[in-house]
Amino acid sequence: MANPKAGPQRSDWQRNHERLLATAAALVARDGAQVSLEEIAREAGVGSATLHRHFASRQALLEEVFRDEVECLHRRAGELAAGDPRTGLVTWLEELTTAAANTRGLPASLAAG
């Protein structure tokens, strides 16, 4: 969801968006995909209305959290491919395992949504 305003609000909007995503990712890792949106907003230090301006629905927020995790894994695969193949594969599989644990319940929740 893009911010319709340009200028100084844009940096605040981006900062809030990133804070909401990081908080949502941390809380999903801790509590699973059913974490409350109100808790995400509170932990991110924003109001519920701000969360809803950034994400039209729970599904939209969780999709972006999951997409960011997958993009990070994809990026890391490229970085690790440049080095020793065995070490790179082992490192990537460890990171994949961590990502799977941190997003527990998220793929099923997204599929059900």
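A salt bridge is taken here as a side-chain nitrogen of Lys or Arg within 4 Å of a carboxyl oxygen of Asp or Glu. The structure is a predicted model, in which local features need pLDDT of at least 70 and side-chain atom pairs count only at pLDDT 80 or more, while totals for chains, interfaces and linings use all residues. Residues are numbered from 1 along each chain as its sequence is written, and side-chain values use heavy atoms, with hydrogens and water left out.

Five salt bridges were found in a search of the whole structure. One of them joins the side chains of E39 and R30, with an N to O distance of 2.7 Å. These two residues belong to a salt-bridge network that also includes D31. R30 is partly exposed, at 48% relative accessibility (buried means under 20% relative accessible area, exposed over 50%, and partly exposed in between, with a 1.4 Å probe and protein chains only).

R76 takes part in a salt bridge with E79, and the closest N and O atoms are 2.8 Å apart. Both residues lie in helix 4 (residues 58–81), three residues apart, so about one helical turn separates them. Helices are DSSP runs of H or I with at least four residues, numbered from the N terminus. E79 is partly exposed at 44% relative accessibility. R76 is also partly exposed, at 24%.

R76 forms a salt bridge with E95 as well, the closest N and O atoms being 2.9 Å apart. E95 lies in helix 5 (residues 85–102) and R76 in helix 4, so this pair ties together parts that are 19 residues apart in sequence. E95 is partly exposed, with a relative accessibility of 25%.

How values were computed:
Helices (H or I, at least four residues) and strands (E, at least two) are DSSP runs, numbered from the N terminus.
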